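Hi everyone, thanks for coming.

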Amino acid sequence: MTGELDINILDPHWQQLQSLLRVGQGHEASAYLKLGVSVIAADPWTGEPRKRLVSHAFLEVSEPDRISTSPLHVTWSTRGYMRLLSEAMNADLMPAIVHTHPGGAACFSEQDDANEAELARTARLKGTRGLASIVLGGDGSVAARVWAPSGERVIAQSVRAVGGRVQSWSSGKPAVDAPHLERQARLFGRGFNAQVRSLRVAVVGCGGTGSAAALLLARLGIGHILLIDKDTLDETNLSRVHGSRRSDATSPTNKVDIIEREVLAAGLGTRVAKVIGWVGEPELRDGLKSCDFIFGCTDDHSGRLLLNRLAYFYGIPVIDVGLRMRPVPGGHDIFGRVTTLVPGQPCLLCGKVINAQRAAEESLERSDPAEFHKRKQEAYVIGAGDPAPAVVTFTTEMACVAVNELIAALTGFHGEGGMIPNRARRFHAQDDRFLGVAQSPVCPVCSQDHYWGRGDVQPFLDVVG
Ligand SMILES: [Zn+2]
Ligand SMILES: [Zn+2]
């Protein structure tokens, strides 16, 4: 196995794992997980291969399989384990064993080494992609590793519990403290700075909201930023794209190049990667899969559709921003929206944020521009009309709201639940609404857990064409 390894545990599974520490009543307890696998051929910042495992399903060790437990050991029969291996094999998932150290810290004891070597050997003979092992300490610590089919043991660099709150445990040494982040450490503590420095965050769409979000993320100390946008700056963008200059419009400059220039000029140690292209292009997959958070700052419905699925398949929180403003008789309607997508929460389809017809038209415009323009002439397409109104103060304010959700995920500053699923700001009515979106019981993306943490599948995100 080559490259770094990290593990994302989805919040519904994390809650089940936490219950192991309670049911054991001081005795060690165990469970199984099936993990989706995300193989990254080249990380956009280092160019190195990486692997991420994402929890897909939690399985109890059933009562008859528990042989004995004490505060210092747990043993269980291999019946359930063999079933786990078969199920993981059949679905191309990685099997994982989880056990607790209720009286202490998470680490791998000599006893664990010996037991796991035997279990890993069985997994290897069965032909699985390896065997993961996770230990939960009674002190709140977490440790994880993978036994590769070669027999090699790979320690996970980090383990994250991903939900409205995102908690992480790192096996490496913490990032070097950055003096320029001193003032925010006074509010959130030094651990916050170490955490933001380790994060990899994509900004999809570098217009009014995306440019503001990207520059805020750099100031906040985010260590790695990936910028994605296919467009060059035009004159009407000068009113809202932060960092843009008149000269960027007179000699057309890519928006990602403008933001990269500004982030690097700030000299804050941010590593920037960029892609000029549409978010759905296959070349972008490694970049998106490498991220810990993704900001959706695009108007593009087909791009949103892709990010919407990605959040559930890979357990990567997506923070999606949208604005809609228009003159109405006697005034203005000015709406801003920030939706956060994590498994367990309703998706953008359930929130009716994505217009499926527009998404289909955008796909047609990319694949067959002549046909798209023909239909447009015949007025069969609903989109691609006059540009929508946009004002810098509103787009920038919603970028702040969106980045604050990331801070909320890390700190819980506006509530223990962390990120708010859906916030609609009505600028014209001076209020915020927290809309309870009903999850459709038949939603193909978010309602059925068979996509949660599924990781790599063929075709990508189970989307044909
Ligand atoms: Zn142990
Ligand atoms: Zn949904």
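I'll go from the whole chain down to a few strands and a helix.

First, a word on ground rules: this is a predicted model, where local features need pLDDT of at least 70, side-chain atom pairs count only at pLDDT 80 or more, and totals for chains, interfaces and linings use all residues. Residues are numbered from 1 along each chain as its sequence is written, and chains are lettered from A and ligands numbered from 1 in the order in which they are written.

So what is the chain built from? We have 13 helices and 19 strands; these are DSSP runs numbered from the N terminus, with helices being H or I of at least four residues and strands E of at least two. The C-alpha trace spans about 75 × 50 × 40 Å along its principal axes.

How much of the chain is buried? Of the 465 residues, 45% are, where buried means that 20 or more other C-beta atoms, placed from the backbone, lie within 10 Å of the residue's own.

Now the sheet. Eight strands form an open sheet with mixed pairing, in the order β14-β13-β12-β15-β16-β17-β18-β19; strands pair if DSSP finds at least two bridges between them. At the edges sit β14 (271–275) and β19 (431–433), each pairing on one side only.

Let's zoom in on β12 (residues 200–204) and β15 (residues 293–296): they run parallel and are joined by four bridges. Here Val201 has Phe293 of β15 as its bridge partner.

Methods. Buried ≥ 20, exposed ≤ 12 C-beta atoms within 10 Å, placed from the backbone.
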